[in-house]
Structure formats: structure tokens, C-alpha cells
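Here is a quick tour of one protein model, written for someone who likes to know the cut-offs. Have a look at the fold first, then read on.

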Amino acid sequence: MAHRTIRQAVAEALEDLRRDDFDKFCHQLRDRRGEPRIKHRDVEGKKILDITDLLVSRFTEYGAGKVAVETLRQINCNQVAETLDSTTKALMDKGDPNFRKTSSGELETKPSQEAEKLRASQRPLTTVTVKKPEEGEAEAKACVLSEGGDPRSDQLVLSRIS
């Protein structure tokens with residue numbers, strides 16, 4: 001089944017767990033050392049979709065995928081973790097920007113090496129000559145005429161303006 005969101009991928013991964021593994025997953029979530037912390041009452045008696053919503057609300061959708069993968073590995077559900085990890089990576093690769101940070105946590109403002117290489121490989125911008133509207137219209141009418149069309153047809157003329 002094709003996943004549309006990380007939330008759905010996390011829910012499906014948790015559905016693949018046996019009940020005792022799901023209980024271990026919830027217990028391990030409570031045992032996490034990172035922030036934000038998950039309390040016992042946050043997971044007690046909750047169902048798979050409740051835990052999925054909890055993960056997304058606490059860690060964002062992207063973070064929920066990472067936390068779920070880490071937690072699955074900690075409870076030795078490695079196959080489910082690998083499947084979820086590859087699914088979330090595929091879902092994250094949408095061409096959206098990834099913001100780089102410095103070691104101090106600040107946003108990196110210098111171009112990456114990849115951006116520098118791309119800039120070096122591109123040819124410089126060329127100047128464009130802009131035609132006067134009358135010139136463009138005259139060329140378009142001539143083009144319509146050469147194709148056997150009616151130069152009085154505004155639609156035809158407009159379709160040939162470049």
C-alpha cells in the first residue's frame with residue numbers, strides 16, 4: 001500500500017506489531033531520555049492511532065517517524081523499524097528544503113558545497129531584449145498569416161505572441 005503521510009506510515013508500522021511488542025513500544029516511549037518526555041498517563045490504555053497522534057503532536061510528523069524508528073530498534077523490532085525508516089525517508093524526499101544548522105544550532109547561511117558546485121556549473125545569465133507590444137503583435141499576425149490563419153482573430157494572434 002502506498003503511504004501518503006508519515007503519520008499513516010507510523011500507524012501501519014505500529015499495526016504490524018504483536019500486542020506485547022506494542023506494549024514494549026509504549027513502555028520504551030515513556031523511558032526516552034530526550035525531550036519532550038512522554039508520561040505514563042499519555043500512553044496508558046491507548047490504542048495504535050492514539051499513540052500515533054501522540055507521537056505526531058509531540059514530535060511533529062517528521063520527528064514522529066524518527067522517534068518511532070528509534071524506539072522500534074530499541075525493542076528489537078528491527079524489520080518493522082527498517083521498513084518504517086525507508087518509507088519515511090521516501091516520504092520526506094519531496095524536494096522540500098532541508099535547513100542546515102551550525103554546531104551551535106544556528107541556521108547555516110553559507111551555500112552548501114552542492115550549491116557551490118551547481119552555481120559553478122551554470123552558465124551566466126544572458127540579457128533579454130524586450131519587444132514593444134506593437135512589434136510582438138505584428139510578428140504574431142505575420143506568423144498567423146504564414147500558417148493560413150485569419151490575422152483578425154485575436155485568439156490566434158495571441159497564441160502566437162512570443
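## The core

Which residues have the most contacts inside the largest nonpolar core? They are Leu17, Phe25, Ile51, Leu55, Leu72 and Leu84, in a core of 28 residues. A nonpolar core here is a set of buried Ala, Val, Leu, Ile, Met, Phe, Trp, Tyr and Cys residues joined through side-chain atoms within 4.5 Å. Helices H1 (6-15), H2 (19-31), H4 (48-74) and H5 (78-92) each give two or more residues to this core, and H4 brings the largest share, with 10 residues.

Take Leu55 as a way in. Setting aside neighbours within four places in sequence, Leu55 is in contact (heavy atoms within 4.5 Å) with Val10, Phe25, Leu29, Thr60, Ala64, Val67 and Ala68.

## Where the numbers come from

This is a predicted model, so to speak of local features takes pLDDT of at least 70, side-chain atom pairs count only at pLDDT 80 or more, and totals for chains, interfaces and linings use all residues. Residues are numbered from 1 along each chain as its sequence is written, and side-chain values use heavy atoms, with hydrogens and water left out.

## Overall build

The protein has eight helices and zero strands; both are DSSP runs numbered from the N terminus, helices being H or I with at least four residues and strands E with at least two. A compact globule of 162 residues would have a radius of gyration near 15 Å, while this protein has 28 Å. That radius is taken over C-alpha atoms, and the globule rule is 2.2 Å times the number of residues to the power 0.38. Along the principal axes, the C-alpha trace spans about 80 × 40 × 25 Å.

Of the 162 residues, 27% count as buried, where buried means under 20% relative accessible area, exposed over 50% and partly exposed in between (1.4 Å probe, protein chains only). Among contacts between residues at least 6 apart in sequence, 47% join residues at least 24 apart.

Thr60, one of the contacts of Leu55, lies in helix H4. Its phi is near 70 degrees, a positive value in a residue other than glycine. At 49% relative accessibility, Thr60 counts as partly exposed.

Asn76 sits in the loop between H4 and H5, and its phi is near 65 degrees, again positive in a residue other than glycine. Buried or exposed? Asn76 is exposed, with a relative accessible area of 60%.
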